[in-house]
Amino acid sequence: MEFRQLQYFIEVAEREHVSEAAIALHVAQSAVSRQIANLEAELGVDLFEREGRNIKLSPVGKLFLTHAKTAMKAIDHARKQIDEYLDPERGTIKIGFPTSLAGHLLPTVVSAFKREHPNIAFHLRQGSYRFLTESVKSGDIDLAFLGPVLTNDPDLEGHILFTEKISALLPEQHLLAEKRSLLLSDLRNDEFVLFPDGYILRDVVVNACKESGFVPKIACEGEDLDAIKGLVTASMGVTLLPDSSFYETKPRYTVKIPIEIPDVKRTVGIITPRSRELAPAEQVFFEFVIKFFSVLEQYQ
């Protein structure tokens with residue numbers, strides 16, 4: 001079995017079209033067909049079901065595609081590690097991050113790192129909690145910032161960088177806007193603006209409300225911090241957000257109020273895979289992040 005055969009097979013499988021795969025691979029269609037035929041002969045199975053000019057994966061082909069992709073990722077990771085061992089300062093790091101850390105934490109860390117390691121490049125991917133954890137597991141992302149940090153996943157190592165409080169954000173004309181602090185139960189009759197299902201910050205808020213004896217009434221949803229803040233500004237409801245999301249300023253026509261009871265907080269950190277070692281450039285970045293936040297903590 002050859003590397004080229006796996007490469008050609010994956011391209012054909014994803015497109016379900018030999019000629020389109022050949023164009024994408026910049027080779028002749030006959031070369032693609034020959035490599036697929038050789039692969040099927042070696043395995044002793046039909047990887048595709050052919051219906052005239054159309055093809056689709058056979059059941060065993062679907063199974064083989066999963067393993068082929070895993071093998072290709074392992075080969076790519078091995079190549080990357082070798083290249084970076086030769087020159088760790090010229091690697092590329094694939095980093096994931098959630099929307100709640102996009103405004104301040106990520107640009108602060110990356111810019112500080114780039115000042116010391118200007119030749120290391122980044123591929124940045126924003127996504128939901130589930131997307132980030134699954135992408136690190138699969139190898140699509142090398143490591144990811146996360147909040148709260150996973151500490152009980154057998155496939156991921158969670159490294160806590162700091163813990164932050166979560167505060168209430170209210171429209172400035174709200175009846176409780178003048179209060180210095182709140183009991184979360186004070187908001188039991190309010191409508192809430194939250195992230196959609198599948199976003200971890202939604203779960204944090206809902207669980208905190210349940211701890212305070214009520215289920216929040218959700219008036220509307222937003223998929224990023226700006227949308228959530230904008231909806232609160234428009235008096236569509238109240239919300240709870242991490243304090244880091246107010247680092248530079250809070251939105252106009254709103255008030256940020258600490259929550260006294262319960263003590264709502266989240267951990268923030270970085271997750272790495274347990275199943276593979278970080279490549280040299282990734283390791284350099286990981287160690288930089290750990291040191292960066294340990295120094296910040298000393299001055300807080």
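**Close-up views of a predicted model**

**View 1. Lining of the largest pocket.** Helices α1, α4 (59–86) and α6 (129–138) and strand β3 (92–97) each supply at least two residues of this lining. Helices (H or I, at least four residues) and strands (E, at least two) are DSSP runs, numbered from the N terminus. This is a predicted model, in which local features need pLDDT of at least 70, side-chain atom pairs count only at pLDDT 80 or more, and totals for chains, interfaces and linings use all residues. Residues are numbered from 1 along each chain as its sequence is written, and side-chain values use heavy atoms, without hydrogens and water. Helix α4 gives the most to the lining, with 9 residues. The lining divides into 3 nonpolar, 7 polar and 11 charged residues. Nonpolar means Ala, Val, Leu, Ile, Met, Phe, Trp, Tyr, Cys and Pro; charged means Asp, Glu, Lys and Arg; the others, Gly among them, are polar.

**View 2. Packing of α1 against α3.** Helix α1 (residues 3–15) and helix α3 (residues 29–43) pack at an angle of about 110°, with axes 9 Å apart. That makes α1 roughly perpendicular to α3 (65 to 115 degrees). Axes are lines fitted to C-alpha atoms, for helices over the stretch in contact, and angles run from 0 to 180 degrees between N-to-C directions. In contact (heavy atoms within 4.5 Å), R4, Q5, Y8, F9 and V12 of α1 meet A31, V32, Q35, I36, N38, L39 and E42 of α3. These residues divide into 7 nonpolar, 3 polar and 2 charged.

Key: Angles under 35 degrees count as roughly parallel, over 145 as roughly antiparallel, 65 to 115 as roughly perpendicular and the rest as oblique.
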